[in-house]
Amino acid sequence: MRGHLRKRGDAWELRAYAGRDPVSNRELYRTRTFRGGKREAERALGKFVQEVAGRGPEARDATVGALVSRWFDLAKADFSPSTVRGYERTIRRYIEPDLGDVPLDRLRVAQLDELYARLRTRGGEEGGPLATATIRQVHAVLRRALQQGVKWGWIDSNPAILASPPRVWNRPVEAPEPTVVTRLIEKAGDDNPDFGVFLQLAATTGARRGEICALHWDDVDFERVTVTIARSVVDGIHGELVEKDTKTHSARRVALDHDTLQVLREHLDRCRGRATACGTTVSGAAYVFSREADSSLPMKPNDFTHAFIVLRDRLGLPGVRLHDLRHFAATRLLAAGIPVRTVSGRLGHANAATTLGVYAHFLAESDREAANTIGEILRSLKAAPGRAEDAPQGVHSTGVVK
């Protein structure tokens with residue numbers, strides 16, 4: 001392979017032969033800027049020539065669409081089915097139409113920023129703005145694919161690293177009041193006892209809907225009053241149900257309150273009764289929530305979501321989502337003074353920092369309640385017959401002499 005140096009001001013231009021254009025038959029060269037002495041530049045040129053030599057015609061002539069398609073075909077085995085569906089839609093609707101035919105070596109940061117700006121103003125349904133979170137997903141796909149292109153030697157650098165996708169502003173969490181949650185659970189139980197149990201588990205454990213659908217009876221420990229959350233049920237790529245790891249790829253054991261444990265006992269009795277009536281049994285490997293007589297198949301998470309929407313609309317509770325029961329569990333535990341690390345563990349967050357990030361606004365409000373509470377304590381002491389200043393010096397409320 002041929003290559004040579006060219007002095008450009010205080011830098012060197014490295015030029016490496018990259019073959020001939022298949023249409024014009026002209027010689028093609030790739031260039032790179034290097035700063036340093038001539039001897040170092042010569043060594044850099046040697047490496048650059050070898051790097052370009054390792055690129056076949058496919059890499060030299062590749063488009064953005066070809067790279068994204070190749071990356072996705074190889075990477076999707078590591079993604080959850082829902083992520084695969086989301087990425088397929090993102091590539092098909094937002095990347096291929098705008099950038100699919102762009103030569104990979106001509107892609108620039110400005111083109112990416114222009115794409116994000118265009119999607120932000122008219123990339124959504126019927127020409128409306130596209131959600132910021134969706135634009136961030138477009139950026140994530142491009143960044144990962146282009147970074148793989150760098151590793152493969154298809155491109156020299158990743159322009160997505162310097163691009164500027166719009167920021168996502170997290171809205172403060174709004175959890176339903178306890179009276180609302182209680183009403184939902186009671187009304188759900190009146191219509192369908194199984195659904196009432198599902199909502200009670202969601203509200204008391206803070207588990208995700210897919211995690212609850214994936215529970216087996218072996219996961220419920222009636223003696224230790226705990227439930228182990230180790231899996232999640234999601235819709236597969238072709239609509240089938242798939243059981244996979246939890247979002248953090250780790251299992252967690254969550255303690256139950258005795259009321260919820262009793263509700264689960266009654267639910268197990270109902271499941272066994274239905275199975276007996278159909279001439280079958282419910283084993284420990286059976287699912288806690290199932291439409292099958294032997295509970296051998298899990299319920300679809302979307303079925304519970306649809307049932308919840310019907311229930312909340314009937315009760316006149318617009319805006320309340322099934323996922324808000326998870327927020328209810330988190331905010332009430334934090335308000336009760338349960339340590340953030342404990343709450344994080346129950347929710348299945350990767351770490352306590354994630355919990356703090358999601359519920360930072362609520363914690364600020366909780367801090368205001370704490371300030372008011374300590375103020376009330378001091379005010380009540382001052383108003384009491386035995387005022388604090390009458391206590392012997394050096395004696396604290398703990399009774400310890402300092």
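Which residues in H3 meet H6, and which residues in H6 do they meet? In this predicted model, the H3 side of the contact is made up of Val64, Leu67, Val68, Arg70, Trp71 and Leu74. Facing them from H6 are Val141, Leu142, Arg144, Ala145, Leu146, Gln148, Gly149 and Trp152. Sorted by class, the contact of H3 with H6 has 10 nonpolar, 2 polar and 2 charged residues.

How do the two helices sit against each other? Two packed helices are described by the angle between their axes and the distance between the axes. Helix H3 covers residues 64-75 and helix H6 covers residues 132-152; their axes come within 9 Å and cross at roughly 90°. Angles of 65 to 115 degrees count as roughly perpendicular, so H3 is roughly perpendicular to H6.

Helix H7 (residues 178-191) packs with H8 at an angle of about 155°, and the axes of H7 and H8 are 5 Å apart. Anything over 145 degrees counts as roughly antiparallel, so H7 and H8 are roughly antiparallel to each other. On the H7 side, the residues that meet H8 are Val181, Leu184, Ile185, Ala188, Gly189 and Asp191. Their partners in H8 are Pro193, Phe195, Gly196, Leu199, Gln200 and Ala203. The contact of H7 with H8 divides into 8 nonpolar, 3 polar and 1 charged residues.

Stepping back to the whole protein chain, the secondary structure comes to 15 helices and 8 strands. The chain has 402 residues, and buried residues make up 38% of them. What share of the contacts with a separation of 6 or more is accounted for by residues 24 or more positions apart? The answer for the protein chain is 57%.

Next come the spaces in the structure. A search of the whole structure turns up 1 cavity of 30 Å³ or more. The largest cavity has a volume of about 40 Å³, and its lining consists of Leu201, Thr205, Ala207, Glu211, Ile212, Leu215, Val227 and Ile229. By class, that lining has 6 nonpolar, 1 polar and 1 charged residues. Helix H8 (193-205), helix H9 (209-213) and strand E5 (226-229) each supply at least two residues of the lining of the largest cavity.

The largest pocket holds about 1500 Å³ of space. A total of 45 residues line the largest pocket, and Arg208, Lys247, Arg321, His323 and Arg326 lie nearest its centre. By class, the lining of the largest pocket has 15 nonpolar, 16 polar and 14 charged residues. Which elements each supply at least two residues of this lining? They are helix H4 (81-99), H9, strand E6 (231-235), strand E7 (241-245), helix H12 (324-335), helix H14 (352-358) and helix H15 (360-383). The largest share of the lining, 4 residues, comes from E6.

A few residues in loops are worth a look too. Val225 lies in the loop between strand E4 (220-221) and E5. Although Val225 is not a glycine, it has a positive phi of about 55°. Is Val225 buried or exposed? Its relative accessible area is 12%, and buried means under 20%, so Val225 is buried. Ser295 also has a positive phi of about 55° and is not a glycine. Ser295 lies in the loop between helix H10 (258-277) and helix H11 (301-314), and it is buried, with a relative accessible area of 2%.

Pro129 lies in the loop between helix H5 (109-122) and H6. Its relative accessible area is 61%, and exposed means over 50%, so Pro129 is exposed. Leaving aside its neighbours within four places in sequence, Pro129 is in contact with Leu119, Arg120, Thr121, Arg122, Gly123 and Gly124. Pro129 and Arg118 are 11 residues apart in sequence, with 8.6 Å between them from C-alpha to C-alpha. Pro339 is found in the loop between H12 and helix H13 (340-347), and it is partly exposed, with a relative accessible area of 48%. Along the chain, Pro339 and Ala352 are 13 residues apart, and their C-alpha atoms are separated by 9.6 Å.

Technical notes: Residues numbered from 1 in each chain as written. Predicted model: local features only at pLDDT ≥ 70, side-chain atom pairs only at ≥ 80, totals over all residues. Heavy atoms only, no water. Axes fitted to C-alpha atoms, helices over the stretch in contact; angles between N-to-C directions. Parallel < 35°, antiparallel > 145°, perpendicular 65-115°, else oblique. Contact = heavy atoms within 4.5 Å. Nonpolar A, V, L, I, M, F, W, Y, C, P; charged D, E, K, R; others polar. 1 Å grid on protein atoms, 1.4 Å probe; cavity = no way out; pocket = protein on both sides within 12 Å on 5 of 7 lines; lining within 4 Å. Points joined across faces, edges and corners; volume = space filled by probe spheres on them. Buried < 20%, exposed > 50% of the residue type's maximum accessible area, 1.4 Å probe, protein only.
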